[in-house]
Amino acid sequence: MANVLITTEFFPEEVDRLRAAGHEVTVHEGPTLSPEELRERVRDVEGLICLLADRIDEEILARAARLRVVANLGVGVDNIDLSAATKRGIMVANTPDALTETTADLGWALLMAAARRVGEADRDLRAHGFPGWTFLPQHAGLDVHGGTLGIVGMGRIGAAVARRARGFSMRILYNSRTEKRDVEAELGARRAPLDELLSESDFVVLCVPLTSETRHLIGKRELELLGPEGVLVNISRGPVVDEDALVRALREGRLRAAALDVFEEEPQVHPGLLDLPHVVLTPHIGSATLATRHRMAAVSVDAVLAALSGGRPKYLVAPGEAES
Ligand code: NAP
Ligand code: GLV
């Protein structure tokens, strides 16, 4: 029997699976725990199922003397100090695959909304009514079909975004650390250096993890390369984009539009973004369908059950064994 803390409201049937295995489960249902609260709550737990908003750093891990496994409800693990976990022999698991297609769907929803000014047109109609069909349109957008799509980070989600572009007859460029021969063969995508991708793409979708290399990967210079007709979509992590530079580029007409699901200082949103009509903003809902959230819950429970019974979770991002 082990103690398991789940830091968020959860599917009862998934809690039951942990209890059926004999574990004592605590589900925190209020607002996200503060770092101080989390430090207190992890003292006696062996298993932790946590949110991307929970910062699992050295200090938290130091308090969690009995902790054996952390299962993050998401694929990005930039909220967790993986090397500190490894040093302490704590396994860290995440939930890839379960959310890939759902997140790619949202990437496309944002791309289409930004290109065709859906949010702006909707807001104008509600505020001012429908003035009648005009030939020279008030909300003239950009054609998506036949354009060039640049994908930064051709991993699981990047490839799923790219696959959807086939239906729009798009040319696909990508930038990734390694060559993706399978995606090139399947989709005719071409790998390009980041600068070339930005200069040649009409639409750029960011699908990289947040790392020291990708923090502010897109700043003033990169936005200049994308240019005044370019559209930027961020479904990765907020700090991949320098938001100050983005707001300035949009204000000064140096970028056509942007669509963001993620923000530099979540849950805060840069006030400059809120004033701009040609920005689509969603509150980090990439994986937010009930079916997908259910799959993610099941994957995280599987990970905790495996680790607490002496096995290895399927999706392990830190092995739980100190490197020699
Ligand atoms: P993944 O399969 O690991 O793909 C990430 C890709 O980024 C990999 O192909 C990797 O290249 C590439 N990459 C890493 N560093 C790079 C760099 N410096 N320059 C260029 N490419 C780089 O991960 P995924 O499942 O697609 O998820 C990607 C990210 O999306 C997550 O880490 C998370 O932050 C974000 N996400 C957001 C939401 C949301 O709700 N908005 C939902 C899910 C995920 P290599 O393959 O060559 O290593
Ligand atoms: C969501 O942002 C995730 O990383 O799964």
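Select R237 and ligand 2: a polar side-chain atom of R237 lies 2.7 Å from an oxygen atom of the ligand. This is a polar contact, meaning a pair of N or O atoms within 3.5 Å; within protein, one must be able to donate a hydrogen and the other to accept it, and residues adjacent in sequence count only if both atoms are side-chain atoms. On its own ligand 2 exposes 190 Å², and the protein buries 87% of that. Such accessible areas come from the Shrake-Rupley method with a 1.4 Å probe; for residues, only the protein chains shown count as cover.

The model is predicted: local features need pLDDT of at least 70, side-chain atom pairs count only at pLDDT 80 or more, and totals for chains, interfaces and linings use all residues. Residues are numbered from 1 along each chain as its sequence is written, chains are lettered from A and ligands numbered from 1 in the order in which they are written, and side-chain values use heavy atoms, with hydrogens and water left out.

**Around ligand 2**

Stay here and select L52, G74, V75, G76, L99, R237 and H284, the residues around ligand 2. A residue belongs to this shell if one of its heavy atoms lies within 4 Å of the ligand. A backbone N or O atom of V75 is 2.7 Å from an oxygen atom of ligand 2, and a polar backbone atom of G76 is 2.8 Å from an oxygen atom of ligand 2. By class, the shell has three nonpolar, three polar and one charged residues. Here Ala, Val, Leu, Ile, Met, Phe, Trp, Tyr, Cys and Pro count as nonpolar, Asp, Glu, Lys and Arg as charged, and the others, Gly among them, as polar.

**Strand 10 and N234**

Next select N234, which is in strand 10 (residues 231-234). Helices (H or I, at least four residues) and strands (E, at least two) are DSSP runs, numbered from the N terminus. The side chain of N234 reaches the backbone oxygen of R237 at 3.2 Å. Is N234 buried or exposed? N234 is buried, with a relative accessible area of 0%. Buried means under 20% relative accessible area, exposed over 50%, and partly exposed in between (1.4 Å probe, protein chains only). Leaving aside neighbours within four places in sequence, N234 is in contact (heavy atoms within 4.5 Å) with L206, V241, A259, L260, D261 and V262.

**Ligand 1**

Move to ligand 1, which 27 residues surround; the closest are I157, R177, T178, K180 and D261. An N or O atom in the side chain of R177 is 2.5 Å from an oxygen atom of ligand 1. Backbone atoms also take part: one of G155 at 3.1 Å from a ligand oxygen, and one of R156 at 2.9 Å. The protein covers 89% of the 940 Å² of accessible area that ligand 1 has on its own. The shell divides into nine nonpolar, 12 polar and six charged residues.

**Helix 7**

Select residues 156-165, helix 7: seven of its 10 residues are buried, so the helix is largely enclosed by the rest of the structure. Those buried are I157, G158, A159, A160, V161, A162 and A165. Their cover includes helix 5, strand 6 (148-152), strand 7 (171-175), helix 8 (181-187) and strand 9 (203-206).

**Helix 13**

Finish with residues 290-308, the 19 residues of helix 13. Its buried residues include T292, M296 and A297, and the elements they pack against include strand 1 (3-6) and helix 1 (12-20). Just after helix 13, G310 takes a positive phi of about 90°.

Terms used:
Expected span 1.5 Å × (residues − 1).
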